[in-house]
Amino acid sequence: MSAPTVPTVPTAASPLSRAGRPGSPDLLRSVFRQHAAGVAVITSQDGGRPVGFTATSLNSVSADPPLLSFTIGTGASSWPAVRDSEYLGVHILGEHQRELAGLFARSGADRFGPATGWAAGPHGVPVLDGVLAWLVCRVVARVPAGEHRVIIAQAVVGDPAGEGRPLLYHQGRFNALRD
């Protein structure tokens, strides 16, 4: 049996020397560029008009009760609708929906224009066509987190039966799974 190794001071060639400034926004961004995340579109209504945005921060929180979470910046154009809505739509995008993900990620875009297939779903929430899966959720909490809010919502109704493979976000781009 060999003795455990003792950590050493990082050298110029060490990954620790490239870690960036401790606690900096750049450090967090650069690390999370290495994390592949699923791509979702969150939808809601604002005064009777549909609103939505692309999110890669979607997480399952609890199976019982069925809770999920995502984050949104308080400066985002969709924030007022998310802040004021009781119900939201959560749509899991397929790899065939890169353009839709980009559309809902662009500031100032006509997200619900003629190119976007959707219909009013349960509780009046906009439900997008052709997604891998969707949920309508009731918001149960909006938790402050810096310049963002963590939204916790309970699944009410949905459909997991879409076809295709999931769209991923990695290295600042939308990507497909590789076999």
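A residue counts as buried here when its relative accessible area is under 20%. With that cut-off in hand, let's walk through this predicted model, beginning with a helix. In helix α3, which spans residues 98-105, the buried residues include L100, A101, G102, L103 and F104.

Three strands make up an open sheet, ordered β1-β11-β12, with antiparallel pairing. Its edges are β1 (37-38) and β12, each of which pairs on one side only. Strands β1 and β11 run antiparallel and are joined by 2 bridges, and A37 stands opposite Y169 of β11. Helix α3 packs on this sheet, where it touches β11 and β12, and the direction of α3 makes about 160° with that of β12.

Is T43 buried or exposed? Its relative accessibility is 1%, so T43 counts as buried. The T43 side chain reaches the backbone oxygen of P126 at 2.6 Å. Leaving aside residues up to four places away in sequence, T43 touches V51, G52, L88, G89, H91, F112, V125, P126 and L128.

Now for the aromatic rings. A pair of them is described by the distance of the centres and the angle of the planes. The structure holds 4 aromatic pairs. One of them is F53 with F70, a tilted pair at 6.0 Å centre to centre and 55° between the planes. This pair links distant parts of the chain, since F53 sits in strand β3 (residues 49-55) and F70 in strand β5 (residues 67-73), 17 residues apart. F53 has a relative accessible area of 10% and is therefore buried; F70, at 1% relative accessibility, counts as buried too.

F112 and W118 form an edge-to-face pair, 5.3 Å centre to centre with 80° between the planes. Together with F104, F112 and W118 form one aromatic cluster. That brings us back to helix α3, where F104 is one of the buried residues.

How values were computed. Residues are numbered from 1 along each chain as its sequence is written. This is a predicted model: local features need pLDDT of at least 70, side-chain atom pairs count only at pLDDT 80 or more; totals for chains, interfaces and linings use all residues. Side-chain values use heavy atoms; hydrogens and water are left out. Buried means under 20% relative accessible area, exposed over 50%, partly exposed in between (1.4 Å probe, protein chains only). A polar contact is a pair of N or O atoms within 3.5 Å; within protein, one must be able to donate a hydrogen and the other to accept it, and residues adjacent in sequence count only if both atoms are side-chain atoms. Contact means heavy atoms within 4.5 Å. Rings of Phe, Tyr and Trp (its six-membered ring) pair if their centres lie within 6.5 Å; planes under 30 degrees apart count as stacked, over 60 as edge-to-face and the rest as tilted. Helices (H or I, at least four residues) and strands (E, at least two) are DSSP runs, numbered from the N terminus. Two strands pair if DSSP finds at least two bridges between them. Axes are lines fitted to C-alpha atoms, for helices over the stretch in contact, and angles run from 0 to 180 degrees between N-to-C directions.
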